[in-house]
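Work through the two exercises below with the sequence and the model open beside you, and try each task before reading its solution.

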Amino acid sequence: MRNPFARDLVLLHAPALFDFRTRETFLGPMADAVPSTAMFEMYPVGPTSIAAFLERNHYNVEIVNLAYRMLRDRSFDVAAHIARMRAALFGIDLHWLPHVQGALSVAELFKQLHPESRVVIGGLSATYYHKELIRDPSVDFVMRGDSTEEPMRELLQALREGTPLHRVANPTWKEGARSRSNRPTRRTGRPTASGRGRTRRSSAPSTARSRTAVARSTSSS
Ligand code: B12
């Protein structure tokens, strides 16, 4: 029987550069208006929205802000902290592009410590670079799109029940030596014929109709 207290998902927020405490670096300019340091320790709003949605759907989710912990305590042991973590799935945000080195370094460290665990990367930059990211040995899934709450629920459910991923909206994932992608069913701002952006959202992907659309739109590369 499933342990109702077990973590289903841990969402990790990496610093822009890992490990900024031990590596020399030249940091680029940051907007003065932004309330975080050049390590981008403030995580995107999205993980809180994903966590709230999944909790409402009876999944246990935790958010761990590694970047903030490292800034607050210079001796914070990231590897020891990650080694103690247990969950069915681990998510790392790659939302702002300057985060790419930090997000992938944390994913690599994570896989060294938990080779059996699965890692999903998400956020706007991850969405754009999903084909490149899925080639990284530390990345199992890239969850694309700007509305990933329902797709993340579907992914957790599929992993829990061992059902095929082609029914899950939005992911790119590894299948042997190849990668596969399901077309995102939730997106915004698609250009119209007139060239102006318009907001368009499809119906919830859990409906029978959109499930069929997702299944039809699976592609591989
Ligand atoms: C509000 C906002 C801000 C706010 C709040 C930021 C925050 N904490 O999220 C403020 C003003 C602080 C801000 C700051 C910045 N922002 Co801003 N911001 C936005 C804006 C307008 C909306 C974001 C939002 O709230 N979305 C709603 C929430 C619910 O969705 P979300 O955070 O996108 O998360 C969803 C998905 O992305 C995805 N997802 C996100 N993370 C993860 C993680 C996992 C594991 C998974 C599976 C999925 C996932 O699923 C989430 C839920 O559906 C976007 C534009 C846009 N269209 O999104 C720009 C945007 C995200 N910002 C951008 C930038 C560049 C910045 C700054 C770097 C600006 C600067 N030069 O300083 C800073 C960085 C902040 C920092 N951490 O240091 C760019 C990012 C471009 C890029 N790819 O790098 C965007 C796209 C604007 C743009 N077009 O240029 N920002």
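Two strands pair if DSSP finds at least two bridges between them, where helices (H or I, at least four residues) and strands (E, at least two) are DSSP runs, numbered from the N terminus. This is a predicted model, in which local features need pLDDT of at least 70 and side-chain atom pairs count only at pLDDT 80 or more, while totals for chains, interfaces and linings use all residues. Residues are numbered from 1 along each chain as its sequence is written.

**Exercise 1.** Find in which sense E6 pairs with E5 and with E7.

Solution. Begin with strand E5 (residues 141-143), which pairs with strand E6 (residues 171-175) in the antiparallel sense over three bridges; here Val142 has Thr172 of E6 as its bridge partner. Next, E6 pairs with strand E7 (residues 178-181), again in the antiparallel sense, over four bridges, and Lys174 is bridged to Ser179 in E7. Finally, look at the hairpin of E6 and E7, where two residues lie between the strands and Gly176 takes a positive phi near 65 degrees.

**Exercise 2.** Describe how H1 and H7 pack.

Solution. First take the angle between helix H1 (residues 46-56) and helix H7 (residues 149-161), which is about 55 degrees, with the axes 9 Å apart (axes are lines fitted to C-alpha atoms, for helices over the stretch in contact, and angles run from 0 to 180 degrees between N-to-C directions). Therefore H1 is oblique to H7, since angles under 35 degrees count as roughly parallel, over 145 as roughly antiparallel, 65 to 115 as roughly perpendicular and the rest as oblique. Then list the contacts (C-beta atoms, placed from the backbone, within 7 Å): Ser49, Ile50, Phe53 and Leu54 in H1 meet Glu149, Met152 and Arg153 in H7.

Key: Two residues are in contact if their C-beta atoms, placed from the backbone, lie within 7 Å.
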